[in-house]
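Welcome! Let's take a friendly walk through a protein model, one topic at a time. Please keep the sequence and the 3D view open as you read.

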Amino acid sequence: MMNDVLLEIKNLRTYFKLHEGILKAIDGVSLAIGRNRVLGIVGESGCGKSVTARSILKLVPAPGKIEGEIWFHGGEKPVNLAALPPTGNAIRDIRGREIAMIFQEPMAAFSPVHTIGDQISEAIQTHQSLPKPEARGRTIEMLKQVGIPIPERRVDNYPHQMSGGMLQRAMIAMALSLRPKLLIADEPTTALDVTIQAQILRLMKRLQAELGMSIIFITHDLGVIANMADDVAVMYLGRVVEYGTVRQIFENPQHPYTQALMQSIPKLGSKGRGRLASIEGTVPVPLDPPRRCGFADRCVHFIPGRCDADVPPLIDTEAGHQVRCILYE
């Protein structure tokens with residue numbers, strides 16, 4: 001079984017010690033990403049999806065502190081990424097080459113004083129000893145694959161000369177240029193129109209099939225998850241509240257939060273012009289959160305004395321399907 005696992009996260013906790021208290025952005029996440037599999041992570045903003053992705057690559061800024069284990073099985077021996085220094089050579093050798101990441105904010109991810117081509121070529125040459133002309137040629141080819149027109153000219157553009165959507169595609173080109181074993185995609189198609197979005201998703205699926213690459217796909221778009229993912233983790237307030245295959249999650253959502261997310265999806269062909277279903281309230285700030293179900297204040301099935309007594313454990317409801325809710329105890 002372990003030979004099929006590429007990345008294994010065990011009891012991951014990412015805390016930020018602030019003057020007001022301890023912000024528990026990730027509070028005990030355990031996940032396993034299989035080889036040549038796509039794990040979709042869904043949830044509202046503030047649920048901990050992006051912090052989970054950054055924790056894997058030790059990119060959490062101070063005063064953040066990472067605890068737990070993150071085992072990467074990409075080499076001859078498994079490596080606990082959580083134990084590596086965040087600025088050491090060991091983690092730098094893994095970033096980009098073994099595990100690449102598509103960041104959510106393309107405008108902030110590129111240096112404004114270097115061309116797009118130079119930045120992608122530098123990433124290639126850092127991990128592979130290629131002459132500069134060959135690295136530039138691969139850069140142009142990757143820009144072409146992600147749908148950037150006239151890549152021979154755009155390769156010499158600075159970030160301010162590109163739109164947000166083109167920068168997003170350039171970032172995807174950088175992440176895929178080294179053909180990593182694991183790609184972490186944090187909202188990779190947010191700034192793209194639907195035509196380019198479909199093109200990028202097809203490209204990612206094709207490269208995954210060619211390279212046997214695994215993908216962690218973070219998004220708010222449940223339609224994209226249904227199309228891309230093999231497995232789905234639903235996160236809320238720094239915890240995984242439901243986990244299963246994409247078929248299990250979409251056909252039989254069990255956690256009240258997952259059910260509410262599914263009900264909020266617009267449906268084609270539905271009669272009437274009623275309001276879309278919504279989830280009342282907002283995600284609370286996890287500052288010294290009490291030991292209770294994080295969704296209790298917004299849940300229509302709230303049971304006083306049960307839901308607010310402790311954090312429910314993850315319960316197996318069927319093979320490969322887990323839910324964190326007392327309704328299934």
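Predicted model: local features only at pLDDT ≥ 70, side-chain atom pairs only at ≥ 80, totals over all residues.

## A first pair to find

Which residue forms a salt bridge with Arg-292? The partner is Asp-297, and the closest N and O atoms of the two are 3.0 Å apart. A salt bridge here is a side-chain nitrogen of Lys or Arg within 4 Å of a carboxyl oxygen of Asp or Glu. Asp-297 is exposed, as its relative accessible area is 64%.

Residues are numbered from 1 along each chain as its sequence is written, and side-chain values use heavy atoms, with hydrogens and water left out.

Side chains of opposite charge can pair when their charged atoms come close. By the rule above, the count comes to 13 salt bridges. One of them is between Glu-98 and Lys-181, where the closest N and O atoms are 3.5 Å apart. Glu-98 sits in the loop between helix 2 (89–94) and strand 6, while Lys-181 sits in the loop between helix 7 (164–176) and strand 7, so this pair ties together parts that are 83 residues apart in sequence. Helices (H or I, at least four residues) and strands (E, at least two) are DSSP runs, numbered from the N terminus. Glu-98 is buried at 17% relative accessible area, whereas Lys-181 is partly exposed at 34%.

Another salt bridge brings together the side chains of Asp-156 and Arg-136, at 3.1 Å from N to O. This pair links distant parts of the chain: Asp-156 is in the loop between helix 6 (151–154) and helix 7, Arg-136 is in helix 5 (residues 132–145), and they are 20 residues apart. Asp-156 is partly exposed, with a relative accessible area of 38%, and Arg-136 is partly exposed at 33%.

## Rings that meet

A pair of aromatic rings is described by the distance of the centres and the angle of the planes. Rings of Phe, Tyr and Trp (its six-membered ring) pair if their centres lie within 6.5 Å; planes under 30 degrees apart count as stacked, over 60 as edge-to-face and the rest as tilted. The structure holds three aromatic pairs. Among them is the edge-to-face pair of Tyr-236 and Phe-295, with 5.2 Å from centre to centre and 85° between the planes. Tyr-236 belongs to strand 9 (residues 231–236) and Phe-295 to the loop between helix 11 (256–263) and strand 11 (315–318), 59 residues apart.

## An enclosed strand

Now find strand 7 (residues 182–186): five of its five residues are buried, so the strand is largely enclosed by the rest of the structure. Leu-182, Ile-184 and Asp-186 point one way from this strand, while Leu-183 and Ala-185 point the other way.

Two strands pair if DSSP finds at least two bridges between them. Strand 7 runs parallel to strand 6 (residues 99–102), joined by four bridges, and parallel to strand 8 (residues 214–218), joined by five. Leu-183 stands opposite Ala-100, and its bridge partner in strand 8 is Ile-215. In the loop between strand 7 and helix 8 (194–211) you will find Glu-187, whose phi is near 50°, a positive value in a residue other than glycine.

## The nonpolar core

In soluble globular proteins, nonpolar side chains tend to be buried together. A nonpolar core is a set of buried Ala, Val, Leu, Ile, Met, Phe, Trp, Tyr and Cys residues joined through side-chain atoms within 4.5 Å. The largest one has 96 residues, of which Leu-7 and Leu-81 touch the most other members. Helix 7 gives this core its largest share, eight residues.

Definitions and conventions. Buried < 20%, exposed > 50% of the residue type's maximum accessible area, 1.4 Å probe, protein only.
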